[in-house]
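Dear colleague,

I am passing on the structure below, together with some notes on what turned up when I went through it. Please have it open as you read.

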Amino acid sequence: MTRGNARELAVHLIYAQTFTGEEPEQLVSARLDKEYYRNLAQESAVYEERPTRTQLAYIDSVVSGVANRQDALNGEIQKYSIGWDVSRISRLARSILQLAIFEILYVEDIPTGVAVSEAVRLAKKYDGDDTGAFVNGILGSFARAHAAGEEK
């Protein structure tokens, strides 16, 4: 399994959490249970291979991190989604944006460009080219502002 697939699994879990309200640890544990996971492989190729320990640690970390910082992450999305209220952004696009912003802010071994390009890839895959462009615009503005703030 690649880091990209692990990221995609994380988006699925963050998205699922918006519906279930489950605690992140319970959500990850339940969805990555061997039997449950094996059944998901019939629905999506991303579930064909189980995550390694390193990837499980990444998934657990980002899913918990996004859940615990959801208000702050949504605040960042709101700041850069000019003319769009966060509540009007699809849950899936919001989940992708939250993960990318979390990675940029808190995951040191993921370059900003990778977080942005992977978010755009996932948005296009699941929600179409228009959503990919929307996600790219928000994350591009966020990344530039974040980089400018770090240089000061």
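Predicted model: local features only at pLDDT ≥ 70, side-chain atom pairs only at ≥ 80, totals over all residues.

**How helix α1 packs**

Helix α1 (residues 3-20) packs against helix α6 (residues 91-106) at an angle of about 125°, and the axes of the two lie 9 Å apart. Since angles over 145 degrees would count as roughly antiparallel and those from 65 to 115 as roughly perpendicular, α1 and α6 are therefore oblique to each other. Their crossing is right-handed. On the α1 side the contact is made by R7, A10, V11, I14, Y15, T18 and F19, and on the α6 side by R91, L92, S95, I96, Q98, L99 and E103. Sorted by class, the residues in this contact of α1 with α6 are eight nonpolar, three polar and three charged.

Helix α1 also packs against helix α7 (residues 112-127), in this case at an angle of about 60° and with the axes 11 Å apart. The helices α1 and α7 are therefore oblique to each other, and the crossing of α1 and α7 is right-handed. Here α1 contributes G4, R7, E8, V11 and H12, while α7 contributes V114, E118, R121, L122, K125 and Y126. By class, the contact of α1 with α7 divides into four nonpolar, two polar and five charged residues. You will find R7 and V11 of α1 listed in the contact with α6 and again in the contact with α7.

**The overall fold**

Taken as a whole, the protein has eight helices and zero strands, so that, by the definition of these elements, its pattern read along the sequence is α-α-α-α-α-α-α-α. The C-alpha trace spans about 45 × 30 × 25 Å along its principal axes.

The mean pLDDT of the protein is 93, with 98% of its residues reaching 70 or more. Which helix has the highest confidence, and which the lowest? Confidence is highest in α6, at 98, and lowest in helix α3 (residues 34-40), where the mean is 87.

With best wishes

Technical notes: Residues numbered from 1 in each chain as written. Heavy atoms only, no water. Axes fitted to C-alpha atoms, helices over the stretch in contact; angles between N-to-C directions. Helix = DSSP H or I, 4+ residues; strand = E, 2+ residues; numbered from the N terminus. Parallel < 35°, antiparallel > 145°, perpendicular 65-115°, else oblique. Left-handed = near helix turned anticlockwise from the far one by under 90°. Contact = heavy atoms within 4.5 Å. Nonpolar A, V, L, I, M, F, W, Y, C, P; charged D, E, K, R; others polar. pLDDT = per-residue confidence, 0-100.
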